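Here is a short briefing on one structure.

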Amino acid sequence: MASNAGKRPKVFVTRKDVPQNAIDLLKSSCEIIQYDGVGAVPRAVLKERVAEVDGLFCLLTDKIDGDLLDVAKKLKVVGTMSVGYDHIDVKECQKRGVLLGNTPDVLTEATAELTVALLLCTARRLTEAADEVRNGGWGTWNPLWMCGKSLQGSTIGILGLGRIGLSVAKKLLPFEPAKLIYYNRSEQDAAATVNAEYVSMDKLLSESDFLIITCALTTETRQLFNKKTFAQMKNDAILINTSRGPIVSMDDLFEALSTGQIGAAGLDVTDPEPLPTDHRLLTLKNCVVLPHIGSATVATRMRMASLAAENILAGLSGQPLPASIY
Ligand code: DGY
């Protein structure tokens with residue numbers, strides 16, 4: 001463990017590779033204890049460290065639940081370097097008066113860009129085609145070889161028209177889809193800005209040529225895409241998930257893709273993560289899998305890190321959090 005001494009509030013940073021701008025910011029008024037092992041902090045270390053600190057800088061790989069909070073007697077604030085907070089038991093934090101901040105807005109554009117890239121990559125079979133170039137599969141020009149599906153004239157469905165869903169919709173409009181439809185817990189006023197029609201979940205499933213998941217992982221959305229919902233989709237529908245892996249049943253997705261129940265899938269998130277290299281989804285040509293890189297631009301990750309740090313500093317000094325979860 002690396003630590004700098006002092007009487008200032010203590011903050012535990014759960015990962016070694018956190019952008020330095022956030023570390024510098026925290027160091028300006030706190031004592032930092034930073035996990036310096038490889039990868040995610042082991043649960044036992046997290047428990048030990050959280051017991052002695054006032055602030056916690058965590059990532060989406062750290063489970064913050066009642067069991068952990070029980071030992072975190074001094075903890076005042078948690079700042080997660082992520083917009084998603086399904087790894088945090090919000091009720092347990094609230095019950096104990098532990099403040100919680102996340103990093104909305106700053107990653108919207110990067111994540112929406114990646115969503116569009118993954119959609120195009122899956123629809124036009126880019127990884128599969130590039131593989132053919134390398135493995136000698138590129139023969140003479142062939143009328144129907146490597147044909148995919150165009151966005152123009154299609155119906156694009158978005159599940160979750162929040163910040164990221166809306167930005168994806170905006171970025172897709174120039175591709176001239178015939179229709180944008182969306183399903184959300186409630187109708188969104190902003191939908192008018194992208195001319196998106198609010199539809200039922202059933203209609204979203206049955207009418208989308210491309211179905212993009214940009215909703216949060218909740219008890220309602222966990223495993224929402226399963227055998228039953230895949231059966232409602234078009235046989236050539238393309239599913240894109242850049243939200244959270246457990247929204248889609250990996251087993252049912254494999255069945256749907258390998259039996260032609262749906263056309264293709266592009267996943268930036270899986271269940272589990274990382275997806276084991278021998279996972280059967282990776283044997284399918286009609287499934288593109290990326291390693292959870294939606295927000296992975298240097299500038300975005302730096303901004304996420306500094307916002308997480310700002311949340312912690314605000315919480316420790318009794319100020320409102322710049323991005324508070326509750
Ligand atoms: C998040 O922030 O929740 C993303 O999944 C990673 O950037």
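Helix axes here are lines fitted to C-alpha atoms over the stretch in contact, and angles run from 0 to 180 degrees between N-to-C directions. The model is predicted. The protein averages a pLDDT of 97, and 98% of the residues score at least 70. For the complex, the predictor gives an ipTM of 0.98 and a pTM of 0.96.

**Helix 5 against helix 7**
- Helix 5 spans residues 108-123 and helix 7 spans residues 163-172.
- They pack at about 55 degrees, with axes 9 Å apart.
- The two helices are therefore oblique to each other.
- The crossing of helix 5 over helix 7 is right-handed.
- From helix 5, the contact uses T108, E109, T111, A112, T115 and V116.
- Helix 7 meets them with R163, I164, S167, V168, K171 and L172.
- By class, this contact has 5 nonpolar, 4 polar and 3 charged residues.

**Annotated domain**
- An unreviewed UniProt entry places "domain: D-isomer specific 2-hydroxyacid dehydrogenase catalytic" at residues 14-323.
- Over residues 14-323, the chain is 33% helix and 14% strand.
- The end C-alpha atoms of that stretch are 20 Å apart.

**Backbone details in loops**
- The D271 to P272 peptide bond is cis, with omega near 10 degrees.
- P272 sits in the loop between strand 12 (264-267) and strand 13 (287-289).
- E273 and P274 are also joined by a cis peptide bond, with omega about -5 degrees.
- P274 lies in the loop between strand 12 and strand 13.
- D105, a residue other than glycine, has a positive phi near 70 degrees.
- D105 is in the loop between strand 6 (99-101) and helix 5.

Conventions: Residues numbered from 1 in each chain as written. Predicted model: local features only at pLDDT ≥ 70, side-chain atom pairs only at ≥ 80, totals over all residues. Helix = DSSP H or I, 4+ residues; strand = E, 2+ residues; numbered from the N terminus. Parallel < 35°, antiparallel > 145°, perpendicular 65-115°, else oblique. Left-handed = near helix turned anticlockwise from the far one by under 90°. Contact = placed C-beta atoms within 7 Å. Nonpolar A, V, L, I, M, F, W, Y, C, P; charged D, E, K, R; others polar. pLDDT = per-residue confidence, 0-100. UniProt positions renumbered as here; feature names shortened; annotations may be inferred.
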